[in-house]
Amino acid sequence: MAIWNLGSINADMVYSMPHLPAAGETLAALRLDRFLGGKGANMSVAATRAGCEVHHIGAVGPDGVWAIERLTAYGAGTEHVSQVETPTGHAIIAVEPKGENQIILFPGANRVLNSEQLEQALAQASAGDILVMQNETNLQAEAAQLGRRMGLRVCYAAAPFDADAVQAVLPYLDFLILNEVEAQQLQQATGKTPGELGVKDVIITLGSKGARHIDSETGAVLDVPALPVTAVDTTGAGDTFTGYVLSGLDQGLAMAEAMAQASRAAALMVTRHGTADVIPELAEVQAARF
């Protein structure tokens, strides 16, 4: 089948710092790199490198042609990425030596997508395809509703977290992916545990503790451990995990297999500086020894 990704496209400006700056602190960076990023672009590259056919739905500004070219070079379909007058989204990312980060995000073109563009793109999707979204674009609820009507498997990665945004798409979801803190915040907002949300498949990423899958129909819980690595940059690790999980499921892997493979991909990714550009290929993931 295929993955259709309503997703952000950003220029990630990554500043290597001696430590993360405190409030009011001026701190010189040790290095600056520009990478292709955005949660959407990261997921598209991850799913493509995991072996899946991916169609990206998004937008860049006049300054973003390089991002389309790079996504295309990595194998993602970009025929539904439009060029608009609003500047391309970008993120300013400070990373300290142990890999922790702080991020300032400018949404830019990611928030000016139009319904006609979305409908034209998804008109080419087939029932059973996967539609994935994140909270870095507009039209999330509209896409979720359309995907449900078309018989797509609708997935939402709940980051950057906003309880209202998640609740707007919840009725249409087949799959929800969020981290441990986001799961707690969503439970506070809804009064429901992850298994009570009415979403069949829920994955909660647990950082160094791995990830947990909850099947709300059966109540079954599956835990997949994280792999021991020395992280140098955790930016995009969750996106890599999501892209690999969805690609694995699309290719017929069982949930446990897809999650284990995604965990290996994310573990490799955090040992590298960068975002979409350094997401590992499937062959690297399969050959890696931890």
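This is a predicted model: local features need pLDDT of at least 70, side-chain atom pairs count only at pLDDT 80 or more; totals for chains, interfaces and linings use all residues.
Local features were considered at pLDDT of at least 70 and side-chain atom pairs only at pLDDT 80 or more, whereas totals for chains, interfaces and linings use all residues. Residues are numbered from 1 along each chain as its sequence is written, and side-chain values rest on heavy atoms, without hydrogens and water.

The largest pocket has a volume of about 1,300 Å³. On a 1 Å grid over the protein atoms alone, a pocket is an open set of points where a 1.4 Å probe fits, with protein on both sides within 12 Å along at least five of seven lines; the volume is the space filled by probe spheres set on the points, which are joined across faces, edges and corners. Lining residues, defined by an atom within 4 Å of a point, number 48, and Thr-234, Gly-236, Ala-237, Gly-238 and Asp-239 lie nearest the centre. The lining comprises 25 nonpolar, 16 polar and 7 charged residues, where Ala, Val, Leu, Ile, Met, Phe, Trp, Tyr, Cys and Pro count as nonpolar, Asp, Glu, Lys and Arg as charged, and the others, Gly among them, as polar. Elements that each supply at least two lining residues include β2 (10-16), α1 (39-49), β10 (175-179) and α8 (255-269), with helices (H or I, at least four residues) and strands (E, at least two) taken as DSSP runs numbered from the N terminus. The largest share, 5 residues, comes from α7.

The structure holds 0 disulfides, a disulfide being a pair of cysteine sulfur atoms within 2.5 Å. Cys-52 is in no disulfide, the nearest cysteine sulfur being that of Cys-155, 12 Å away; this separation is too far for a bond. Cys-52 is buried at a relative accessible area of 7%, and Cys-155 is buried at 1% (buried, under 20% relative accessible area; exposed, over 50%; partly exposed, in between; 1.4 Å probe, protein chains only).

In helix α2 (residues 65-73), the buried residues are Trp-66, Ala-67, Ile-68 and Leu-71. Their cover includes β2, β3 (31-37), α1, β4 (54-60) and β5 (77-83). Gly-75, which follows α2, has a positive phi near 105°.

Asp-201 lies in strand β11 (residues 201-205) and counts as buried because its relative accessibility is 4%. Residues up to four places away in sequence excluded, Asp-201 touches Arg-153, Asp-174, Phe-175, Leu-176, His-213, Ile-214 and Met-255, contact meaning heavy atoms within 4.5 Å.
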